[in-house]
Amino acid sequence: MAKFNINTDISSEDLNKSPLRQLWRHFKENHVALVGLWLFIALTILATLAPVIAPYGVNQQHSDALLLPPSWNDAGDVRFILGTDDLGRDILSRLINGTTYTFGLAILTALITTLLGVVLGVFAGMSKGVRSSVLNHLLDVTLSIPSLLLAIIIIALLGPGLLNTVWAIILALLPQYIHSVRNLVVQELSKDYIVAQWLDGANSWHILSRGIFPNIYEHIVVIFTMSLSTAILDISALGFLKLGAQPPTAEWGAILSENLAFIYLAPWTVALPGILLFFAVLATNLVGDGLRSALKKRKAI
């Protein structure tokens, strides 16, 4: 019997790998995304081990070292690598501890938002009739308001503070999350394999757990990175506006706000937390873009 060799673009390695392994394989091909991942991991370690890593206490003052520039400056001191602020507090220690308040709380906020957003988004996507129409109109109204403005409105009702900031950002990010998950669920419900499961007598839980969720969880991971980036910026913005973390809490936005008066006299006190905030958002966006690119490549196989 004659044998025919058919060449395809699908390798046996890709067929044998799980979806997550395929996603990682395509993700690591993007070297820029890998750099973002390493930055993300480094920030996560800092947020977790901040009290151990920081050389000084977060509010420890050194009266003999007020507004010292970074150590590489001729007027700097090797004891304080990134210099000190107007109260003699070590900026490096405050920035490391600020990683917990800004980056760590942003991760917690994004995780809670993901949990609530997935539950409510699935409920909205699988709802029909009047209930679905009411939910859609509520989402349209809330999505017309920028997340930061919505968070400020909620803070005005709850009062300033770090805990209220977390709840305000969760409530501000939820509408977009619910909207995204709802659209994913609606798209899957219209596909033939879901219709076949309905006709086969499968219940809603079986369709959700065996049919819909395995096909949307990768998209949810991408949405998580997007909401994390927004949470970092919103926490910092509210801290800068003195609506979030209150002094002497070492949150990056609050540090920027405290030292804004010294921007000409001691610019490093403002530039350094700004740079760290930039890299945190950059790392999160790079990971998110890498995941989106890897997802497209995996779907193309």
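Guide: Let us begin with Asp77 and Arg79, whose side chains meet in a salt bridge at 3.1 Å, N to O; the term denotes a side-chain nitrogen of Lys or Arg within 4 Å of a carboxyl oxygen of Asp or Glu. The model is predicted, and local features need pLDDT of at least 70, side-chain atom pairs 80 or more, while totals for chains, interfaces and linings use all residues. Residues are numbered from 1 along each chain as its sequence is written, and side-chain values use heavy atoms, without hydrogens and water.

Asp77 is partly exposed, because its relative accessibility is 21% (buried means under 20% relative accessible area, exposed over 50%, partly exposed in between, with a 1.4 Å probe and protein chains only). Arg79, at 37%, is partly exposed as well.

The structure holds seven salt bridges. Another of them joins the side chains of Glu258 and Arg94, at 3.7 Å from N to O. Glu258 belongs to helix α10 and Arg94 to helix α4, so this pair ties together parts that are 164 residues apart in sequence (helices are DSSP runs of H or I with at least four residues, strands runs of E with at least two, numbered from the N terminus). Arg94 is buried at 3% relative accessibility, whereas Glu258 is partly exposed at 24%. Both residues belong to a network of salt bridges that also links Asp85 and Arg89.

Phe40 and Phe103 pair edge-to-face, 5.3 Å centre to centre, with 70° between the planes (rings of Phe, Tyr and Trp, the last by its six-membered ring, pair if their centres lie within 6.5 Å; planes under 30 degrees apart are stacked, over 60 edge-to-face, the rest tilted). Phe40 lies in helix α3 (residues 31–53) and Phe103 in α4, so parts 63 residues apart in sequence are tied together. Both Phe40 and Phe103 are buried.

Finally, the axes of α4 (residues 91–126) and α7 (residues 162–189) come within 6 Å and cross at roughly 40° (axes are lines fitted to C-alpha atoms over the stretch in contact, and angles run from 0 to 180 degrees between N-to-C directions). The two helices are therefore oblique to each other (under 35 degrees counts as roughly parallel, over 145 as roughly antiparallel, 65 to 115 as roughly perpendicular, the rest as oblique).
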